Amino acid sequence: MTTKLAPGPFVRAVWRSFMVDSGLEGRLLGEHFRIKEAAAGKVTFELDIKRQHTNRLGTLHGGCIASMVDLGGSLAVASMGRFATGVSTDINVSYISVAGRVGDTVTGTATCEKIGKTLAYTMVHFWNSKGELAARGSHTKYVAGTLTPEKPEYAAPNQFVDKTDK
């Protein structure tokens with residue numbers, strides 16, 4: 001069974017499914033990652049930086065940022081009503097300044113710039129605690145078959161729906 005949701009609660013339901021069904025996001029980001037706001041085509045999120053997110057210099061690891069480009073792009077696709085967010089065809093990240101250290105919070109904004117029959121194009125920007133642009137990434141996803149009569153827009157499986165989040 002599924003429940004039709006508004007974009008914000010829907011994106012949070014997709015995030016909950018990542019936490020349950022994916023090995024990476026729950027282990028790497030887990031409770032330190034949160035969705036602040038979600039609307040059709042745009043998702044804002046935060047990560048409280050912990051030691052597990054850092055490199056040997058003590059700053060947010062570039063691989064962690066790349067993982068959040070992947071996740072952010074997927075959540076941006078989800079914000080367009082797709083519970084199944086497709087698979088990556090390419091990811092690019094440009095690192096601009098230090099994103100933060102343990103105890104800091106990095107903020108990301110993911111946008112779905114275009115979604116077609118087979119491909120979705122997303123961008124993710126990251127700001128450090130000083131408000132400086134720290135990184136930006138692009139993520140292209142193959143999304144054919146993710147929206148069908150059996151998989152309608154904004155329909156989340158009930159096990160991922162938070163009844164207080166409608």
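I began with strand β4, which is joined to β7 (residues 133–142) by 8 bridges in an antiparallel arrangement. Tyr95 has Ala135 as its bridge partner in β7. I took strands (E, at least two residues) and helices (H or I, at least four) as DSSP runs numbered from the N terminus, and I counted two strands as paired if DSSP finds at least two bridges between them.

I note that this is a predicted model, in which local features need pLDDT of at least 70, side-chain atom pairs count only at pLDDT 80 or more, and totals for chains, interfaces and linings use all residues. Residues are numbered from 1 along each chain as its sequence is written, and side-chain values use heavy atoms, with hydrogens and water left out.

I then traced the whole sheet: it is open, has 6 strands in the order β2-β3-β5-β6-β7-β4, and pairs antiparallel. Because β2 (33–39) and β4 (87–95) are the edge strands with a single partner each, one side of each lacks a neighbour in the sheet. From one strand to the next the twist averages 20°.

Axes are lines fitted to C-alpha atoms, for helices over the stretch in contact, and angles run from 0 to 180 degrees between N-to-C directions. Helix α1 (residues 7–21) lies across β2 and β3 (42–48), at about 150° to β2. Helix α3 (residues 62–78) lies across β2, β3, β4, β5 (105–115), β6 (119–127) and β7, at about 130° to β4.

Notes: Contact = heavy atoms within 4.5 Å.
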